[in-house]
Amino acid sequence: MFINFIYLAKSTKKTMLTLTLVCAITFLLVCSGTFFPYSSNPANPKPKRVFLQHVTRTFHDLEGNAVKRDSGIWINGFDYTGMSHITPHIPEINDSIRAHCEENAPLCGFPWYLPVHFLIRKNWYLPAPEVSPRNPAHFQLISKEQTPWDSIKLTFEATGPSHMSFYVRAHKGSTLSQWSLGNGTPVTSKGGDYFVFYSHGLQASAWQFWIEVQVSEEHPEGMVTVAIAAHYLSGEDKRSPQLDALKERFPDWTFPSAWVCTYDLFVF
């Protein structure tokens with residue numbers, strides 16, 4: 001319809017120039033802040049939503065050795081402006097600390113609280129000291145067995161805070177055939193990895209579950225990569241001095257949600 005409108009106009013050249021001018025003026029007004037999209041006005045609040053996760057990540061190889069460990073505050077902005085309006089207030093949050101995807105890890109190796117990774121193209125990772133929750137999460141392989149139908153059954157046990165996320169990526173030549181979660185049929189999130197959200201109340205027993213992997217072709221790098229993130233959303237474990245200090249620097253038209261988490265990755 002837009003193209004037809006241009007052709008119906010008496011002067012195509014004049015119409016194109018007018019449309020270009022309107023677009024240019026709109027772009028300049030947006031960039032200059034005239035059309036600022038946020039507000040802290042209680043009568044008409046328009047906050048910018050930001051997630052701040054102070055995380056320590058540990059990556060293990062097939063032998064169980066820790067091959068990488070880092071810590072930082074992982075930052076996600078849930079709209080199209082990213083951190084462009086935040087950087088003037090907090091200069092260290094800029095494109096020099098853009099988070100890099102861990103290509104061999106499910107969901108890029110970060111502790112996603114929900115599987116919305118495909119909606120957010122940019123995030124930031126500000127270096128920070130390690131976190132040390134008083135109630136650390138524990139994850140272990142309980143058993144590994146071959147089934148009569150020639151799949152490998154891996155049984156895991158996890159303990160930790162009331163909210164945890166579990167991630168799985170099947171390697172080349174392997175498929176996740178079934179698991180003890182939900183209706184028993186694994187369903188991938190967008191991108192091909194698997195995401196499981198787990199929560200419990202007070203005094204919960206250890207979380208035990210299993211996955212079955214069908215291996216059609218063995219590879220030296222293993223058959224599956226799994227990771228678990230522990231999200232500390234309440235109590236003293238939720239906070240860290242660095243997280244509190246950064247949160248206080250955000251302007252009043254933002255709504256930063258902040259918590260501590262840990263991320264551990266394993267290969268089997």
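**Aromatic rings and cysteines**

I note that Phe 51 is partly exposed at a relative accessible area of 25% (buried is under 20%, exposed over 50%, partly exposed in between; 1.4 Å probe, protein chains only). The model is predicted: local features need pLDDT of at least 70, side-chain atom pairs count only at pLDDT 80 or more, and totals for chains, interfaces and linings use all residues. Residues are numbered from 1 along each chain as its sequence is written, and side-chain values use heavy atoms, without hydrogens and water.

I searched the whole structure for aromatic pairs and found 25 (Phe, Tyr and six-membered Trp rings with centres within 6.5 Å; planes under 30 degrees apart are stacked, over 60 edge-to-face, the rest tilted). Phe 51 and Trp 259 are edge-to-face, because their centres are 5.2 Å apart and their planes stand at 75°. Trp 259 is buried, with a relative accessible area of 5%.

I also recorded one aromatic cluster, formed by Phe 139, Phe 156, Phe 166, Tyr 198, Trp 207, Phe 209, Phe 266 and Phe 268.

Which cysteines does a disulfide join? I found Cys 101 joined to Cys 108, S to S 2.0 Å (the cut-off is a pair of cysteine sulfur atoms within 2.5 Å). The S-S torsion is about -85°, so this disulfide is left-handed. Cys 101 is partly exposed at 35%, as is Cys 108 at 28%, whereas Cys 261 is buried at 0%.
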